[in-house]
Amino acid sequence: MSAIIKNFITEISAFVILLLIFSFKTSDKTIVVSKDGKGDFKTIQDAINSVENNSERKTKIIIKPGTYREKVTVPDTKGPITLIGENAENTILVYGDHASKQNSEGKNIGTTGSSTLFIFSNDFSAKNITFQNDAGPVG
């Protein structure tokens, strides 16, 4: 076999190997949140905190039925996140802040500060979950 053919085969082989390496799709990560401790985390925020920063790997966070009373923030540094409740009727994220509630500096937190969920990520979605604010009539 001539040297030209051997070099050509070597170059093609290297190209195929590189193509396989860079086209390999990493699998999505799945995290389970369950208030009863039977999941990976008991709170939604703890699950979000565990998602890799600046990653392209998609993370599905499965939320078992229950009422999760917590304020949740999805930072812009997190990779793609999807929150998936079992159904919207009994998978509820709720908090009770209101616009005139005072922060640690004695100032009103305002309407935007009273959110139950803060989303700063560019790649976030949610389904089968209810987001609520139960502050009631205030002010």
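Modeller: The model is predicted, so local features need pLDDT of at least 70 and side-chain atom pairs count only at pLDDT 80 or more, while totals for chains, interfaces and linings use all residues. Residues are numbered from 1 along each chain as its sequence is written, and side-chain values use heavy atoms, with hydrogens and water left out.

Biologist: Why is strand β6 called largely enclosed?

Modeller: Buried means under 20% relative accessible area, exposed means over 50%, and partly exposed lies in between (1.4 Å probe, protein chains only). Four of the five residues of β6, residues 91–95, are buried, so the rest of the structure largely encloses this strand. Strands here are DSSP runs of E with at least two residues, helices are runs of H or I with at least four, and both are numbered from the N terminus.

Biologist: How do you know that β3 and β6 pair?

Modeller: Two strands pair if DSSP finds at least two bridges between them. Strand β3 (residues 66–69) and β6 have four bridges, in the parallel sense, so they meet that definition. One of the bridges joins G66 to T91 in β6. β6 also pairs with strand β9 (residues 130–133), again parallel and over four bridges; there, L93 has F131 as its bridge partner.

Biologist: What makes a set of residues a nonpolar core?

Modeller: The members are buried Ala, Val, Leu, Ile, Met, Phe, Trp, Tyr and Cys residues joined through side-chain atoms within 4.5 Å. The largest such core has 16 residues, and V33, I44, I48, I61, I63, I81 and L93 touch the most other members. Among the elements that give two or more residues to this core are β1 (29–33) and β2 (59–63). Helix α2 gives the most, with three residues.

Biologist: Why is N90 called partly exposed?

Modeller: N90 has a relative accessible area of 33%, which falls between the limits for buried and exposed. N90 is in the loop between β5 and β6. N90 and P65 are 25 residues apart in sequence and 5.3 Å apart in space, C-alpha to C-alpha. Contact means heavy atoms within 4.5 Å, and N90 touches P65 and G66, not counting residues up to four places away in sequence.

Biologist: Why does S114 count as buried?

Modeller: The relative accessibility of S114 is 10%, which is under the limit for buried, so the word applies. S114 is in the loop between α3 (110–113) and β7 (117–119). Leaving out residues up to four places away in sequence, S114 touches K71, D97, H98, A99, I109 and N133.
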